Every structure is written in C-alpha cells, then in structure tokens.
Amino acid sequence: MSDESRHSPAQMLPHTRANTRTAVVIPAAGRGVRLGPGAPKALRALGGTPMLIHAVRAMAASRRVSLVVVVAPPDGAAEVKSLLDAHALPEWTDFLVVPGGESRQESVRLGLDALPPEYDIVLVHDAARPLVPADTVDTVIEAVREGAPAVVPALPLADTVKQVDPAAVPGEPEPVVATPERARLRAVQTPQGFDRETLVRAHGTVTENVTDDASMVEQLGLSVVVVPGHEEAFKVTRPLDLVLAEAVLARRRLNDGF
Ligand SMILES: Nc1ccn([C@@H]2O[C@H](COP(=O)(O)OP(=O)(O)OP(=O)(O)O)[C@@H](O)[C@H]2O)c(=O)n1
Ligand SMILES: C[C@](O)(CO)[C@H](O)COP(=O)(O)O
C-alpha cells in the first residue's frame with residue numbers, strides 16, 4: 001500500500017461517533033458539609049425544588065440525553081426515586097437510581113456500573129451544579145460525538161492563582177512557591193463528557209483520589225479538550241453559592257414570565 005492510500009483524507013478525519021446514545025451519571029451522594037448542617041446537599045431546596053431535580057432537568061433539557069443515572073446518598077435511594085417520580089421530566093428521558101459511595105469518585109463508578117450497554121457516550125454531572133444551561137450540555141456532547149475521548153467545559157479565571165508550599169505549618173502564613181500564568185489556566189465545570197469505554201477504563205485504572213473524572217483520563221495519557229463553560233454552571237459549595245443560585249433562578253423565572 002502506498003503512503004498516500006494509507007493516509008487518505010477520509011482516514012485522516014477524526015473518528016466521529018454519529019450514531020450514538022448518550023447517558024448522564026449524576027453523582028448526588030455527597031453530604032454538603034461546606035454548605036452547612038441540613039439534608040444531603042442534592043436534596044436541599046433551590047427555588048422550592050430540590051437541587052437534584054434542577055440538575056436532572058438541566059441534563060434532560062438536551063434532547064440528546066436519553067438516560068439519567070442518579071447516584072443517591074447511600075441510604076436515600078428510595079427517597080430519591082420517589083422525588084424523581086413526583087417531578088415531571090421530558091418524555092424522551094428515562095432515569096435510574098443507584099446508591100452512592102464514600103467519595104465522589106466511588107459514586108461515579110457505581111453509576112457507571114449501572115449503565116445499560118447501549119450507551120456509548122457518558123456525561124458526568126454534579127448534582128451541585130443545578131443551573132447549567134442546555135447549550136453547554138449540547139456543546140460537550142457534540143465535541144465527544146466529533147471524536148474527542150474526553151471533554152470538559154471550563155472558564156478563564158478572574159483571580160490570580162498562587163501555589164503554596166505543601167509543607168506549610170498549619171495556622172501559619174503559607175509560603176508561596178509559584179504563580180502559574182493565569183491566561184493558561186481554566187476553572188473546570190461539569191458536565192464532563194466521555195467516550196464510555198475511555199471513562200470506564202479510567203475508573204478501572206486510577207486508584208488515587210482525584211477531584212474530577214477528566215484528570216483520570218489524563219493519567220491514561222489520552223487527550224482531554226476544553227470547550228466553553230458557562231457562568232451559571234457554578235457549583236453550589238458554600239452558603240453564598242446558594243444565595244447566588246436563588247438569584248439566578250429568580251432572574252430566569254422573571255425573564256420566562258412565571
Ligand atoms: N461521596 C460522594 C461525595 C460527593 N458526591 C457528589 O459529587 C458532587 C460534587 O461534590 P461536592 O460539591 O464536593 O459535594 P459534597 O461532597 O456534598 O460537598 P462537601 O465536600 O462540602 O461535603 C456533588 O453533586 C455530590 O453530591 C457523591 O456523589 N458522592
Ligand atoms: C468535578 C468538579 O466539579 C470540577 O470542578 C469538582 O472538581 C468537584 O469537586 P468537589 O470538591 O467534589 O465539589
């Protein structure tokens with residue numbers, strides 16, 4: 001075979017995943033310690049509706065999402081299933097509920113284990129990011145369909161970031177060891193999108209605790225790409241985030257006229 005025929009233009013096109021089915025795993029099993037005392041974070045109200053329901057609806061708003069797997073607090077799967085039964089979802093979206101684990105990573109893996117075989121694109125979305133717009137979800141799915149094994153939505157940073165000495169004395173001022181160039185940094189959100197086989201392999205390979213799924217794919221030596229995130233996809237972590245989320249929701253309801 002000549003070099004030309006071995007590298008014909010068709011062969012050089014990135015592998016695309018045109019006839020695909022997309023599922024979302026929503027880890028919702030966290031306690032929400034940083035938000036303060038109360039029910040598990042995903043079940044706390046935002047605009048009178050549990051945060052988890054907002055997150056599920058945000059995923060189901062994309063017509064490409066046909067299954068949502070909710071990973072519930074370990075002893076709360078029945079309660080979460082009743083909640084989902086009681087709140088309307090679009091008719092094109094099914095859901096499953098499974099109990100979660102001790103860490104976010106373990107909860108995501110338990111969600112992946114429950115995925116039926118016909119789904120080849122998997123998104124992982126924090127229940128704690130209830131207000132991500134549908135356009136962001138679609139942008140992530142599109143990039144995976146076009147061939148990227150792992151896709152993260154992200155935003156440039158507004159603050160300068162300092163790296164501190166890991167050996168700093170607790171309670172004492174922390175010595176700065178570096179200032180990474182801000183223009184090259186991104187604050188990463190969810191949903192993160194994956195070719196299913198890649199994500200399953202990452203969760204089966206990486207054993208150390210990490211803070212997002214895409215970093216596990218990076219550890220496999222595979223490429224991860226960034227697409228534009230959205231300001232409203234912020235994570236509800238601390239009490240002030242909940243104040244902001246209520247304000248964003250109120251603004252949306254005003255704009256939608258209800
Ligand atoms: N054992 C865990 C821990 C976290 N999560 C989920 O992972 C997402 C991101 O985690 P985070 O915002 O840290 O939530 P919590 O762990 O609940 O927060 P905290 O660390 O303040 O307790 C959340 O949707 C959370 O429910 C999970 O499914 N299982
Ligand atoms: C996955 C994530 O939302 C990306 O920013 C984030 O790392 C989750 O961190 P958390 O401490 O578990 O909330």
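**Around strand β7**

A: Let's start with β7 (residues 150-156), which pairs with β11 (residues 192-195) in the antiparallel sense through two bridges. Strands here are DSSP E runs of at least two residues, helices are H or I runs of at least four, and both are numbered from the N terminus; a pair of strands needs at least two DSSP bridges. The model is predicted, so local features need pLDDT of at least 70 and side-chain atom pairs count only at pLDDT 80 or more, while totals for chains, interfaces and linings use all residues. Residues are numbered from 1 along each chain as its sequence is written, with chains lettered from A and ligands numbered from 1 in the order in which they are written.

Now step into the loop between β10 and β11, which holds P191. The peptide bond joining T190 to P191 is cis, with omega about 10°. T190 is also among the residues surrounding ligand 2, along with R104, D126, V188, Q189, T211, D212 and K235 (near means a C-beta atom, placed from the backbone, within 6 Å). That shell comprises four charged, three polar and one nonpolar residue; Ala, Val, Leu, Ile, Met, Phe, Trp, Tyr, Cys and Pro count as nonpolar, Asp, Glu, Lys and Arg as charged, and the others, Gly among them, as polar.

R104 takes us to α5 (residues 104-113), which packs against α7 (residues 196-205) at about 130°, axes 11 Å apart. Axes are lines fitted to C-alpha atoms over the stretch in contact, and angles run from 0 to 180 degrees between N-to-C directions. On the α5 side V108, R109 and L112 meet L199, V200 and H203 of α7, contact being C-beta atoms, placed from the backbone, within 7 Å. Those contact residues split into four nonpolar, one polar and one charged.

Finally, ligand 1 has 22 residues around it, and S107 is one of the closest, as are P27, A29, G30 and R34. By class, its shell has eight nonpolar, seven polar and seven charged residues.

Key
Contact = placed C-beta atoms within 7 Å.
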